[in-house]
Amino acid sequence: ALRAELVNALALTPAQQARLDAVLGDTRQQIAALESAGLSDWQLQRRVQKLRDVARTRIREILTPEQRARYDEKAGSGGPVPGRVWVPGPDGRPRPVPVLLGITDGSVTEIVEGDLQEGQELIVGMGGGAARPAPDGRGAPRLRL
């Protein structure tokens, strides 16, 4: 989705598209490696954000000055960005739900769009490895919308 959006919005040439594919592929591989590294949620989020910042810088290097201005305008617009939240599935295991994220202060983030219902439980954190029961025995911490 991001690739198609950038290709269309910036009218990328085939050479630019090939370089974009390399940047996005590298970033995906690095994020996958981090996700399997057993980091805490907080550590993972910080490192993924750093990878995305590096990817944005690399993408800017691909662009002409005119494209760069449009890219910066779009990136700085504060518009919704793709994200993912986790909900308990029918079998009790976490299930990912794609969402669009709005404004954030680093602790609280607006969910602009996604297949979620008001009052639905979200999984907001888990320790490394298997989920530990909460003090009241109910399992991993959750949040209701």
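## Contact between α2 and α3

In this predicted model, contact (heavy atoms within 4.5 Å) joins Gln16, Arg19, Leu20, Val23, Leu24, Asp26, Thr27, Gln30, Ile31, Leu34 and Glu35 of α2 with Leu44, Arg47, Val48, Leu51, Arg52, Ala55, Arg58, Ile59, Glu61 and Ile62 of α3. By class, 11 nonpolar, 3 polar and 7 charged residues take part; Ala, Val, Leu, Ile, Met, Phe, Trp, Tyr, Cys and Pro count as nonpolar, Asp, Glu, Lys and Arg as charged, and the others, Gly among them, as polar.

The axes of α2 (residues 14–35) and α3 (residues 41–62) approach within 10 Å, crossing at roughly 170°. The two helices are therefore roughly antiparallel (an angle over 145 degrees between N-to-C directions).

## Elements and burial

The protein chain contains 4 helices and 5 strands, in the order α-α-α-α-β-β-β-β-β from the N terminus. Helices are DSSP runs of H or I with at least four residues, and strands are E runs of at least two.

Of 145 residues, 23% are buried (under 20% relative accessible area, 1.4 Å probe).

## Confidence and conventions

Mean pLDDT (the predictor's confidence in each residue, from 0 to 100) is 80 for the chain, and 79% of residues reach 70 or more. Confidence is highest in α2, at a mean of 93, and lowest in β5 (residues 142–144), at 52. Where pLDDT is low, the predicted coordinates should not be read in detail.

Residues are numbered from 1 along each chain as its sequence is written, and side-chain values use heavy atoms, without hydrogens and water. Local features need pLDDT of at least 70 and side-chain atom pairs 80 or more, whereas totals for chains, interfaces and linings use all residues.

Notes: Buried means under 20% relative accessible area, exposed over 50%, partly exposed in between (1.4 Å probe, protein chains only). Axes are lines fitted to C-alpha atoms, for helices over the stretch in contact, and angles run from 0 to 180 degrees between N-to-C directions. Angles under 35 degrees count as roughly parallel, over 145 as roughly antiparallel, 65 to 115 as roughly perpendicular and the rest as oblique.
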